[in-house]
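Please look over the sequence and the model shown here before reading on. The paragraphs after it are meant to be read with the structure open beside them.

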Amino acid sequence: MSAATLTEAVAGPPAGATTRIAAFDGMRGVACLLVVVSHYFGHGYSFSRLVEGSGAVGVMMFFVLSGYLIGGILIDHRDSPSYFRTFYLRRAFRIFPIYYVVTGLSPLAMAVCTWTAHYFPLWSYLTYTVNFSMAFSGEYGNALLVPVWSLCIEEQFYLLFPLLLYALPRHWRLERVLLVLIVLAVVCRCVLAGAGANELYGKMLLPTRMDALALGVLAAHARRTPALRHWLSQNNSSRIKLFTILGLLISLALSAVENVTGVPVWDGLGFLALGVSFAGLILLIADGAPEAKRLRLPVLCFFGTISYCLYLIHLPILCVLQALILGGIPPNFSLGPASLEQTAVTALAFAVSVGIASLSWIFFEGPLVRYAHRWQYEQPHTGAFAAEPVPELRS
């Protein structure tokens, strides 16, 4: 089963038409690899300072891409009689099974990794609300399940945004609503930072991170709105390229300012600037820009296909193997430099994680996704079903 057959179906013009853009799988693969590299090599190595922030970049990329893909689907089908039923059923089949398998097995992994921090109540993991526990306590909780906070934000978005979009009067301009959400998120982060609140408030709650998701939806909306698309695509998409480059440069400049002055400007505005850059990149890819060729590499599309499971299991696998083989703590959670043995076990953990994620997609996740697409969106007023290919939606 090739990666090319498992890639994303993304709506493009005309509105409601569905095509697959393989470069989005590659982009998702890059995002996942950035997170894995951050967790595996973010401490204990001479190059750790170069990669310790890659996880935050990868999560931001996930958020914007998820907003674009899911937002596009919801915009295309907001008038369908099966709008809620089809969307939530498909999401449930895609998201819940592997998530609950991993969280359900986590107590066994914790029995091996006795050094791990306390475990937040199980119900908070099962209900995708553990990000609240993390933010309110100022702690990440159990090391094995740290990455699930970002999945909580995405699932909360998937729960609430379809309701918001459906309830909005059709004569309201969606871009204005999205811009309000973006501004509110930035204001929330800046206020929390200025008030001296712990940093997890600004990083792990939907109200403080919804600008990234809303930027993705805004990009999807712009692709489907002729006036906005024409304005963005003029002069060989020069405006999109400008937003992409400026967003990246501003985020780098804010990071430098924070490192030099200690003023927490990046969390307030850097997230926004980076999100703008990723939204611009997504639009360029959707328009067929030459840069997309690099993201269509088979290896990146492969990692994009298995990214959901890999994102969930890479830390548990690393921690369990370090404990079983060396009886110790992974380099990223220890204070000292990584030994040669630790590095070898880390490489083994990566290989094992990739292998398990691949098998999970082939025999578990993939079949469930294909089964979920038996539920199709009904056409408005006719009761007929919209014809669409079977996509793989990682969110």
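This is a predicted model: local features need pLDDT of at least 70, side-chain atom pairs count only at pLDDT 80 or more; totals for chains, interfaces and linings use all residues.

Residues are numbered from 1 along each chain as its sequence is written, and side-chain values use heavy atoms, with hydrogens and water left out.

Buried residues of H11 include Leu232, Ser237, Ile240 and Thr244, where buried means under 20% relative accessible area, exposed means over 50%, and partly exposed lies in between, with a 1.4 Å probe and protein chains only. The buried residues of H11 pack against helix H10 (206–224) and helix H12 (266–286), and just after H11, Gly262 takes a positive phi of about 80°.

Helix H15, residues 307–326, can be read in the same way. H15 has 20 residues and reaches 27 Å from its first C-alpha to its last, close to the 28 Å expected at 1.5 Å a residue. H15 bends by about 40° at Ile313, and a proline, Pro316, follows within four residues.

The aromatic rings come next. Rings of Phe, Tyr and Trp (its six-membered ring) pair if their centres lie within 6.5 Å, and planes under 30 degrees apart count as stacked, over 60 as edge-to-face and the rest as tilted. By this rule the count comes to 28 aromatic pairs. One of them joins Phe96 and Tyr100 in a tilted arrangement, 5.6 Å centre to centre with 45° between the planes. Both residues lie in helix H4 (residues 83–112), four residues apart, about one turn of the helix. Phe96 is partly exposed at a relative accessible area of 34%, and Tyr100 is partly exposed at 30%. Phe157 and Phe161, by comparison, form a stacked pair, 5.2 Å centre to centre with 20° between the planes, and both lie in helix H7 (residues 148–167), four residues apart. Phe157 is buried at 7% relative accessible area, and Phe161 counts as buried at 6%.

Elsewhere, Tyr83, Phe84, Phe87, Tyr88 and Tyr166 form one aromatic cluster. Charges also meet rings: the charged end of Arg91 sits over the ring of Tyr158, 5.3 Å from its centre, and Arg209 lies over the face of Phe271, at 4.1 Å from the ring centre. A charge sits over a ring if NZ of Lys or CZ of Arg is within 6 Å of the ring centre and within 35 degrees of the ring normal.

The last stop is Ser133, found in helix H6 (residues 130–137). Ser133 is buried, with a relative accessible area of 19%, and touches Phe120 and Ser124, not counting residues up to four places away in sequence, where contact means heavy atoms within 4.5 Å.

Methods:
Helices (H or I, at least four residues) and strands (E, at least two) are DSSP runs, numbered from the N terminus. The expected span of a helix is 1.5 Å times one less than its number of residues. The bend at a residue is the angle between axes fitted to the seven residues ending there and the seven starting there.
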